[in-house]
Amino acid sequence: MSTLAIEHLTIGLPEGADRPFAVEDVSMTIDKGQILCVVGESGSGKSMTANALMGLLPRGVTVKAGHAMFEGRDVLRLPEAEKMALRGAQVAMIFQEPMTALNPLMRIGDQIAEVFAAHDRFTQAERRKKALDLIREVQLPDPEKIIRAYPFQLSGGQRQRAMIAMALALEPKLLIADEPTTALDVTTQAQILKLILDLRDRRGMAVMFITHDFGVVAEIADEVIVMREGRVVERGTAAAVLKYPQHDYTRRLLDAIPTGMLPEQRALSETPALEIKGLRKIYRTGGGFFREAREVRAVDDVSLTVARGEVLGLVGESGSGKSTLGRTAVRLVTPDGGQVLVGGVDLAALPEEELRTQRHKVQMIFQDPYASLNPRQRILGAITDGPIARGTPRREAEERAKELLEVVGLGADAASRFPHEFSGGQRQRIGIARALAMDPELIIADEAVSALDVSIQAQVLDLLRDLRERMGLSILFITHDLRVAAQLCDRIAVMQRGKLVEIGPVHDIFLKPQKDYTKQLLAAVPGSDWEQRNESA
Amino acid sequence: MSFWTRFRTNIGAMVGVVLLIAVIAIAVFAPLIFANDPWQMVQRPFLPPFSREDLLLGTDTLGRDVAAQLAYGARVSLLVGLVSTLVALLIGVPLGALAGFYGGLVDEGAMRFTEFFQTIPNFALAIVLVAIFEPTLSSITLAIAIVSWPPVARLVRAEVMSVRKREFVDAAMLAGLTKRRILVRQVLPNTLSPIIVMASLMVATAILLESSLSFLGLGDPNAMSWGYMIGAARTVIRSAWWLSFFPGVAIIITVLALNLIGEGLNDALNPHLSRRKGRA
């Protein structure tokens, strides 16, 4: 018998939303010990489905029709008191962002014990012991210490483990995981996925796993449901859906995944667009009369060059210093030592006024499409500000801005609109146009596609590739996602803890990695086995 | 939804707007509505309200028309409230913006200076300032502005600090814009909403401050104001209740209207923080 059976679930959105239903006529079943992956892009209604089960729907959003049978009862229609008893005890949930899901002012042990307290189980001493057991079970290091730690003292992966420990406290029969690994590094993600698989095997839980990443699906799913705009477009076993997708949309999603298929090798120019020599940036925090200051070597003696017309991928986990390196290269951060040579000029050493006149040489495309455009400035202004400050006549700058909007595929009429009228992918295109307007010698793309859905990601990557061909752009492409880097880059540099681990042509890095760390990173890419199997098949 | 549609659906805010417009209209058209000069004796003293049609709210201790006094008092209250808020913004916004944007020593200096003002109780400082200056309308306005700018500076500083970290500010840096231009064109416009909300509430506080000063006899002796009316009537509060009651009601209505508008502005300008809407 299935643990959870959702039948014809329909969830209505409030009036004025972009569509009448968040979720429409969705059915699914999850058996004991089975992992069901619900896949979809943002806005597909996958999280709404989970929230409806937990009774966490936002105000104005209501279940219009359908049942969700769990243990013979319809969880959608239980009175609030019974729902409360069910939550945590029978159905548990883990979230995407473990930092916000944990109470920052409570010790980890107390938070786990609170789950028992909320359901009136065990005595104080027993609760503590159980909490310790759980911390051990989710393989957190040094359990005695962790139980007294606050969330901010843990790393992202450790916090997610703590969340899982809380979720498991009362041995739920169903675990709902809403993008639990999206905020994590690849290696940490691989560990968490393995942990979830282990726990499923040991406890025989049913797991509903929500994700947008088909790589993750390939790693853990038994069954897959693909959702789009609130409807199920495809369902089946993981093997079947991944190998023989029936629906167009699934096929497009699968096609859009950077597959690790390597691009053709291109001959690179000899002239460098950017030369970084012995770059160093140290952050000091804390420190006072009694404590020594903590030093983080964000960038530690890194040297590399980007040739003219080359795309160099800079890959690393969070905290590896890759973003600091990028920000130092555009001098948003002033380095403590070393040189940043662009066209023979050392940007790192220029005084502020001179720097301002040289800024245009290196431009940046930012990560967050929602924060990188001024919400109160029209697109035209955003693009022409720079050229006009450089002395280009206004009319000419505006002509050029419109041309560039055409080039990035938006059309000149976008110029007179405000940022909020555009989607994330379109905003990223505006960001690219803004960078191009300065006629830079080098563009630094800092996680420029990380915040986008896969299909949008693929489009923006296509655009960058096209621009590279047409304009001979040199790009320093910073990303945590090896699959994305593989698609676009000529060479790849791997960073770890501020140091450059390995640098080489993309083929060498992917096929013949020299350093252990690079091998680890490659192995941790979700779905890597499946892709290889696919290629050999 | 646009700002105006959101604001319009807020019943409280609309009530506030209607009340405020009424008060403003009375203040502006006072000479047309009331033939009597507010300082002129027109009838016997202590005429109770509603006893004569031409003197609806009665007369005060010297036989002056209370209704006319109220209308002219509205002019003083609104003027002092508006102008002192503007002056406070003129001091607080630039100071807070500089402190938040440049940080470091500029921030240290500006904030210590602000704290210097914040450590002295508002009202006490205002009394001292008015006592030092001649009690004229302009000196009272200035005194109120001087005691009310520190919260503005703090608010603007905090807002600027958070906006400064956004990526579009980095982008503007890379575009080669000067820091001053970035602050004025990119950062400050994004701090407007909370400043507007705060300003609307500050007008209300300023009106209360002015009334309190006048009540204590520190008002401009040549300007009829609500606070002065209450202050003058306090000795006869048991025999002639209307002399302090009506100006009190006027103060309450005006301050309430401004508060309602401020809250409506807050909800409309920051829709995601609004309490009544729970949309995802």
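**Entry 1**

I looked up how strand β17 (residues 442-446) of chain A meets β18(A), and found four bridges joining the two, which run parallel. For pairing I used the rule that DSSP must find at least two bridges between two strands. Helices (H or I, at least four residues) and strands (E, at least two) are DSSP runs, numbered from the N terminus. This is a predicted model, in which local features need pLDDT of at least 70 and side-chain atom pairs count only at pLDDT 80 or more, while totals for chains, interfaces and linings use all residues. I number residues from 1 along each chain as its sequence is written, with chains lettered from A and ligands numbered from 1 in the order in which they are written.

Within this pair, I found A445(A) opposite F477(A) of β18(A). I then checked strand β13 (residues 311-315) of chain A, which pairs with β18(A) over five bridges, also in the parallel sense. There, V311(A) has I475(A) as its bridge partner.

I followed the chain from β17(A) through helix α17 (residues 454-471) of chain A to β18(A), and these make a right-handed β-α-β unit. Right-handed is used here in this sense: with the strands pointing away from the viewer, the path from the first strand over the helix to the second runs clockwise.

**Entry 2: cover of β18**

Is β18(A) mostly covered or mostly open? I found five of the five residues of strand β18 (residues 475-479) buried. A residue is buried if 20 or more other C-beta atoms lie within 10 Å of its own, exposed if 12 or fewer, and partly exposed in between, with C-beta atoms placed from the backbone. I sorted the strand by face: I475(A), F477(A) and T479(A) are on one side, L476(A) and I478(A) are on the other, and both faces are covered.

**Entry 3: strand β16**

I went to the other partner of β17(A). β16(A) pairs with β17(A) in the parallel sense over four bridges. Q363(A) stands opposite I443(A) of β17(A). Strand β16 (residues 362-365) of chain A has both faces covered, with V362(A) and M364(A) buried on one side and Q363(A) and I365(A) buried on the other.

**Entry 4: the largest nonpolar core**

Which residues have the most contacts inside the largest nonpolar core? I found L476(A) and F477(A), in a core of 243 residues. Helix α4 (residues 66-102) of chain B gives the most to this core, with 18 residues. Domain 1 (2-256) and domain 2 (308-334 + 346-536) of chain A each supply at least three residues to this core. Such a core is a set of buried Ala, Val, Leu, Ile, Met, Phe, Trp, Tyr and Cys residues joined through C-beta atoms within 7 Å.

I listed the contacts of L476(A), leaving aside neighbours within four places in sequence; among them are L274(A), V306(A), L312(A), L314(A), L442(A) and I444(A). Contact means that the C-beta atoms of two residues, placed from the backbone, lie within 7 Å.

**Entry 5: domains of chain A**

I noted the division of chain A into domain 1 (2-256) and domain 2 (308-334 + 346-536). These bounds come from an automatic or database domain assignment. The C-alpha centres of the two domains lie 33 Å apart. The contact takes 19 residues from domain 1 and 15 residues from domain 2. On the domain 1 side, α8 (186-203), α9 (214-220) and α11 (248-256) each supply at least two residues.

**Entry 6: L78 of chain A**

I found L78(A) in the loop between β5 (73-74) and α2 (80-86) of chain A. L78(A) counts as partly exposed because it has 16 C-beta neighbours inside 10 Å. Not counting residues up to four places away in sequence, L78(A) touches R73(A), K83(A) and L86(A). L78(A) and D490(A) are 57 Å apart, C-alpha to C-alpha, and 412 residues apart in sequence.

**Entry 7: chain B**

I counted twelve helices and zero strands in chain B. The C-alpha trace of chain B spans about 75 × 45 × 30 Å along its principal axes. Of its 280 residues, 46% count as buried.

The UniProt record (unreviewed entry) lists "transmembrane region" for chain B, including residues 12-34 and 195-219. Its positions are in the numbering used here, feature names are shortened, and annotations may be inferred rather than shown by experiment. I found residues 12-34 to be 91% helix and 0% strand, with end C-alpha atoms 30 Å apart. Residues 195-219 are 84% helix and 0% strand, with end C-alpha atoms 28 Å apart.
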